[in-house]
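This report walks through one protein structure in short sections. Please keep the sequence and the 3D view open while reading.

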Amino acid sequence: MKSIDPKDFKVTEKIKLKKLPTLLDVEADDDEKEEKLENVKAKLSDLQDIMYAHNKYSVLICLQGMDTAGKDSLVREVFKEFNPRGVVVHSFKTPNSTELEHDYLWRHYIALPEKGKFAIFNRTHYENVLVTRVHPEFILAENLPGINTVDDIKPKFWKDRIEQINNFEKHIAQNGTIIMKFFLHLGKDEQKDRLLRRLEEGKHNWKFSPGDLKERQHWDEYQQYYEEAINETSTGHAPWYIVPADDKDMARYIVAKIIWEEMKQYKDIQVPALDKEILDNFDVYKKTLEKS
């Protein structure tokens, strides 16, 4: 299998989604992909234990993508070896009444990971500049000053919101949160095939919603707004990675490998050294336990 280099997927300049592949030719069969993923998962699990003991950084993994892009199964497969105490998954749906009584970032802020832990946002704060741009009427539920009708939502509104998101990410990064954002880049034809499987295969019927077809009609709009959001918010402290998602197994491995490679850059994440007084008295503690 070809080696995976995070630089090949990281957004460091303006991109055009139409020009980026949704499928990679990696010269590997399913067994090899699974074996590679298992190896990386084990390394990440060990790293998370060390990070928990180190207790200085937290990690925020953001997953975005069109319906059926494979976000749920990626979370299940990539992070299932983690100690449950060290990882929390948040899937952000339509804001509830309590959440709407706060600003739109509030529910994301209170879901941020504690030091030493990973948090996965399965759909993220970016929904507030994606779904709401396709359906601006959703903004009215936020009951914002000066926004009484959809016509009140001007281009500056979205520009300001992007700036607010950048400031949010800068703030948490400066306070020890390592941020990695992944866009699962799914092809339109592949989405159609996955939706058809939900209809044709009984065990997957429960996944289908007529709303999936409604949102599919807005495909081009979503691609445009994803592209704009990614281009405006991929920064050194909160980079976007665009991952080809037509092959689920490969997408999972790419995401896991990127996380591992990026986390290796933090050389200071080490198991903390014991206090010298404790080390000097190991024999005393051992003898005390043997006598007890």
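Thr 68 sits in the loop between strand E1 and helix H2, the helix made of residues 71-79. The model is a predicted one, and the values below are computed from it. Thr 68 counts as buried because its relative accessibility is 9%, and buried means under 20%.

Asn 55 also has a positive phi, about 60 degrees, although Asn 55 is not a glycine. Its place is the loop between H1 and strand E1, and that strand covers residues 58-65.

## The protein as a whole

The protein has 292 residues, and 48% of them count as buried. Its secondary structure consists of 12 helices and 5 strands. Along the principal axes, the C-alpha trace spans about 75 × 50 × 40 Å. The accessible surface comes to about 16300 Å², and carbon and sulfur atoms account for 49% of that surface.

Lys 80 is found in the loop between H2 and strand E2, the strand of residues 87-91. With a relative accessibility of 48%, Lys 80 counts as partly exposed.

Which residues does Lys 80 touch, not counting residues up to four places away in sequence? They are Lys 41 and Val 75. A further distance can be given for Lys 80 and Ala 42: these two are 38 residues apart in sequence, and their C-alpha atoms are 9.9 Å apart in space.

## Charges and the negative patch

The protein carries 46 positive and 53 negative side chains. The centres of these two sets lie 2 Å apart.

Which residues gather in a patch of negative charge on the surface? The patch is formed by Asp 29, Asp 31, Glu 34 and Glu 35. Glu 35 belongs to helix H1, which runs over residues 30-54. Glu 35 counts as exposed because its relative accessibility is 53%, and the cut-off for exposed is over 50%.

## Salt bridges

Side chains of opposite charge can pair when their charged atoms come close. The structure holds 24 salt bridges, and some examples follow.

In the pair Lys 257 and Glu 261, the side chains meet in a salt bridge with an N to O distance of 3.6 Å. The two residues are separated by about one helical turn, because they are 4 residues apart in helix H10, residues 248-263. Both Lys 257 and Glu 261 are buried. Elsewhere, salt bridges that share partners join Asp 30, Lys 33 and Asp 247 into one network.

Lys 33 and Asp 30 both lie in helix H1, 3 residues apart, or about one turn of the helix. How accessible is Lys 33? Lys 33 has a relative accessibility of 7% and therefore counts as buried. Asp 30, at 48% relative accessibility, counts as partly exposed.

Another salt bridge links Glu 99 with Arg 107, and the closest N and O atoms of this pair are 3.3 Å apart. Both Glu 99 and Arg 107 are buried.

Where does Glu 227 lie? Glu 227 is part of helix H9, which covers residues 219-233. Glu 227 counts as buried, because its relative accessibility is 16%. Leaving aside residues up to four places away in sequence, Glu 227 touches Ile 15, Lys 16 and Leu 17.

How values were computed:
Residues numbered from 1 in each chain as written. Predicted model: local features only at pLDDT ≥ 70, side-chain atom pairs only at ≥ 80, totals over all residues. Heavy atoms only, no water. Patch = residues over 30% accessible without salt bridge, like charges linked within 9 Å, V, L, I, M, F, W, Y side chains within 5 Å. Areas by Shrake-Rupley, 256 points an atom, 1.4 Å probe, with all protein chains shown as cover. Salt bridge = Lys/Arg side-chain N within 4 Å of Asp/Glu carboxyl O. Lys, Arg positive; Asp, Glu negative; His and termini not counted. Charge placed at Lys NZ, Arg CZ, Asp CG, Glu CD. Buried < 20%, exposed > 50% of the residue type's maximum accessible area, 1.4 Å probe, protein only. Contact = heavy atoms within 4.5 Å.
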